[in-house]
Every structure is written in structure tokens, then in C-alpha cells.
Amino acid sequence: MKRRKFMMFLLMMLTLSLVLSGCSFTEEASPLNPQGSVGESQLFLINLSLGIMFGVLAVVFALFFYAIIRFRRKKSDKDYPEQVEGSHKLEIIWTVIPLILITILAVPTVIYAFVLGEDLTEDPDVLLVEVVGHQYWWEFNYPQLDIYTAQDLVMPVDKTVAFKITASDVLHSFWIPGLGGKMDAIPGTENVLYYDANTTGVLKGKCVELCGQSHALMDFKAVVLEQDEFDTWVEDMKTPYPEEVENVELAEGYEIFKNNCISCHAIDATQKGIFPNLKGFANRETVAGFKDNNAEEIKAWIEDPNKMKPGVSDMPAFENVLSDEELDKLVEYLQSLD
Ligand code: HEC
Ligand SMILES: [Cu+2]
């Protein structure tokens, strides 16, 4: 019976450790699988401190088990064992060893704290991105390139990208787990952070400060491109959407957009608006930062943003404003915004 209880206990512990570890067995970029030098430095610090901790743990447990087995009370023991007190040698050993370990831990930690905390936003060789957190979306501005965009953070591979991070309403926090640590986005304050990516691809980004009802849906994507693809993206973003739309279907959609949406959504990336700039929307990974970018989701979003993202207060619902046909035309138009 006792044995069964023990096995149950083991099983519970195993399950718990799996749950706590998030069961992440994928190859996805994460702090434990970083895709850039910042994340790699931080992983080194994590491994170093874990290594030292496990080393200490192993030694302490080994001594502990040795002591309880070797000095276990025997049947023949009638008295207390001989009581000893004070040992210069031992005291020096257990003072000096921790000092050495703390030093090994402290030196790289302090060095990296300064290196990773450096403000590179004035450096002409880095790409500067201004990040603004809003309930519940991300604005990304590229002042050097005169580009204003949202939700997809497009960046070139193997290049340092410096971020100036702030917020427009409440506290948010900017984080791309695959690239490195996070940084608070605070209204009225500009925090700085930098990342670099060493592989191309799409990485997950998140808001990591509880900021309201849809905090958990305040996601974005970091799209890492080869330098030449990035240059093409910049060029595309700077090409204005034609004033006159030739395609008849699209022209109708554009008309509906002009009447209902353009007061909030710019479609010219060189124009800073107050709400998400929709230039390049067709190429975005997601709708509203977290839904697959397809016609169905776009339509559902326009019909009622609040249904998808509870608490969105700035974008009205259009399900009772526009007809089904108008919505379809609008979706088609949005899908032409490249
Ligand atoms: C009063 C301002 C306002 C109006 C009008 C408005 N929107 Fe929005 N829209 C927003 C805001 C704010 C968001 C971001 C909400 C969020 O994600 O939290 C948004 C988000 C979006 C997104 C998602 C953008 C992305 O990159 O994922 C789309 C698409 C969109 N709106 C389309 C439209 C269309 C189409 C219309 C017109 C029928 C429209 N909006 C009208 C304020 C507005
Ligand atoms: Cu947030």
C-alpha cells in the first residue's frame, strides 16, 4: 500500500513538472531556443546560474545522504556521539567556495547587464523602431525610413534593431521570446531595448503586462527577412496606394473604405495615424495580431471587433452598418492592400 502511494506521488510530481514546463517540446523559438545574440547571451546566463545551482545541489545532497547513511544510529549506540564544535578548515572551505561561485556568477551577469542595457537608439548603424503599445495592438514606426505600420514588426536578419518603447494608454510590455528579454511600455516614458535575429522566419511577439480585458490577445509577429527582401518591403511600403483604382470590384470596396474607415486607418505607410495603419495589410501574418489573415476572419473582425477581442473600444462594429455584400467588397479591398 505504501509503495502504491509512493508511485502515485511520483506520477503526480511527473505530471506537475510537465505542466509547469509548459510541455514545450517543439522547435519553436523561445528563451531556451534563441534566434539572436541577445537571447543567446541571456541563455548563457540562465545556463551558468542553473549549472552552478545544480552543482551545489548535487554536492550538498551527496554529503547529506552520505551523512545519514554512514552515521545512522546503530542498535549498539547507547549514548550521544562525541560532540565536536568549530573547525577552521571546514569554515574556510564553506566560505571560500560560495565566494568563488558568486564571483563566477556575478562577473558575466554584471557585464551583460551593462552590454544588454546599452542605448543604441542613436547609433546610425542600427535600425531604429519606435514601438507604441495600445489597448490592444502594437504600432511600429521606422523614423529612419519614414514608415509607420502596425502588428507585423518587419526586420532584416543579422542586423541590430534598437527599439524605443512607450505606450499610449496603460502599461504594456514588449516581448519577442525568441529574441531576448522583455521591456515595459510605459506612457510618457521611452524605454530602450535591442534585439537581433540570426535566422529568417516569423517569430511570436506578446504583450506581457496585464493591460486589460484582451491583454492575452495582444499578440504580434516579428517577421525576419533577408536584407534584400527587407529593402523590397521598404520600397513597397513607400509606394502609395493608387488614388484611382482601376478594378471595378476593388473600386467599390475602396469607396466603402473611404466612407467608413479611412478616418481611422491610413493606407499610406508614410502617414502616421492614431489607429493601425493598414498599408501592407494583405501581407500581414494575422488579423488584429492573433487571427489567421483570411477573408473569413477579416470579415468577422469588421462585423464586430469586440466579439473577437473583448474590450476593444476604438473600432466600432459594422455588422449593422454595412450589408453583407458591402462587407465582402471591403474584405476584398483590404486583401489588395499590399
Ligand atoms: C474609430 C476608429 C476606427 C474605425 C472607424 C475603424 N477602425 Fe479598424 N481598427 C481601429 C482600431 C483601434 C484597431 C485596433 C484594435 C485592436 O486590435 O485592439 C483597428 C483594427 C483594424 C484591423 C486589424 C488591423 C491589423 O493589422 O490586424 C482591420 C483590418 C480594421 N481595423 C479594418 C477596419 C475597416 C475595414 C474599417 C471600416 C469599415 C475600420 N477598421 C474602421 C479603429 C477603427
Ligand atoms: Cu498590453
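Predicted model: local features only at pLDDT ≥ 70, side-chain atom pairs only at ≥ 80, totals over all residues.

Reader: Which atoms of tyrosine 136 and tryptophan 301 lie by ligand 1, and at what distances?

Author: For tyrosine 136 it is a backbone N or O atom, 3.1 Å from an oxygen atom of the ligand, and for tryptophan 301 it is a polar side-chain atom, 3.4 Å from a nitrogen atom of ligand 1. The elements that give two or more residues to the shell around ligand 1 are strand S11 (286-287), helix H6 (295-303) and helix H8 (324-334); helices (H or I, at least four residues) and strands (E, at least two) are DSSP runs, numbered from the N terminus.

Reader: Which residues come nearest to ligand 1, and how is the shell made up by class?

Author: A residue is near a molecule or strand if one of its heavy atoms lies within 4 Å of it. There are 27 residues around ligand 1, of which Cys261, Cys264, His265, Ala288 and Met315 come nearest. By class, the shell has 18 nonpolar, six polar and three charged residues, where Ala, Val, Leu, Ile, Met, Phe, Trp, Tyr, Cys and Pro count as nonpolar, Asp, Glu, Lys and Arg as charged, and the others, Gly among them, as polar.

Reader: How do you know that the largest cavity lies between domain 2 and domain 3?

Author: The protein is divided into domain 1 (29-66 + 86-116), domain 2 (127-226) and domain 3 (248-334), with bounds that come from an automatic or database domain assignment. Both domain 2 and domain 3 give residues to the lining of the largest cavity, and therefore it lies between them. Among the lining residues are Trp137, Tyr148, Gln271 and Phe275, and the elements that give two or more residues to this lining are strand S2 (137-142) and strand S3 (147-150). The cavity holds about 50 Å³ of space.

Reader: Why is histidine 172 called buried, and what is its side chain joined to?

Author: Buried means under 20% relative accessible area, exposed means over 50%, and partly exposed is in between (1.4 Å probe, protein chains only). Histidine 172, found in strand S6, has 0% relative accessibility and therefore counts as buried. Its side chain is joined to that of aspartate 169 by a polar contact of 2.8 Å.

Reader: Is histidine 134 buried or exposed?

Author: Histidine 134, in strand S1 (residues 127-134), has a relative accessible area of 9%, so it is buried. A polar contact of 2.8 Å joins its side chain to that of serine 168.

Reader: What makes the backbone at aspartate 146 and at alanine 288 worth a remark?

Author: Most residues other than glycine have a negative phi, and most peptide bonds are trans. Aspartate 146, in the loop between S2 and S3, has a positive phi of about 60 degrees although it is not a glycine, and at 36% relative accessibility it counts as partly exposed. Alanine 288, in the loop between S11 and strand S12 (291-292), has a positive phi near 60 degrees, and with a relative accessible area of 12% it is buried.

Reader: Which peptide bond is called cis, and what is its omega?

Author: The bond that joins glutamine 135 and tyrosine 136 is cis, with omega about 0 degrees, and tyrosine 136 lies in the loop between S1 and S2.

Definitions and conventions. Residues numbered from 1 in each chain as written. Chains lettered and ligands numbered in written order. Heavy atoms only, no water. Polar contact = N/O pair within 3.5 Å; in protein donor to acceptor, adjacent residues only side chain to side chain. 1 Å grid on protein atoms, 1.4 Å probe; cavity = no way out; pocket = protein on both sides within 12 Å on 5 of 7 lines; lining within 4 Å. Points joined across faces, edges and corners; volume = space filled by probe spheres on them.
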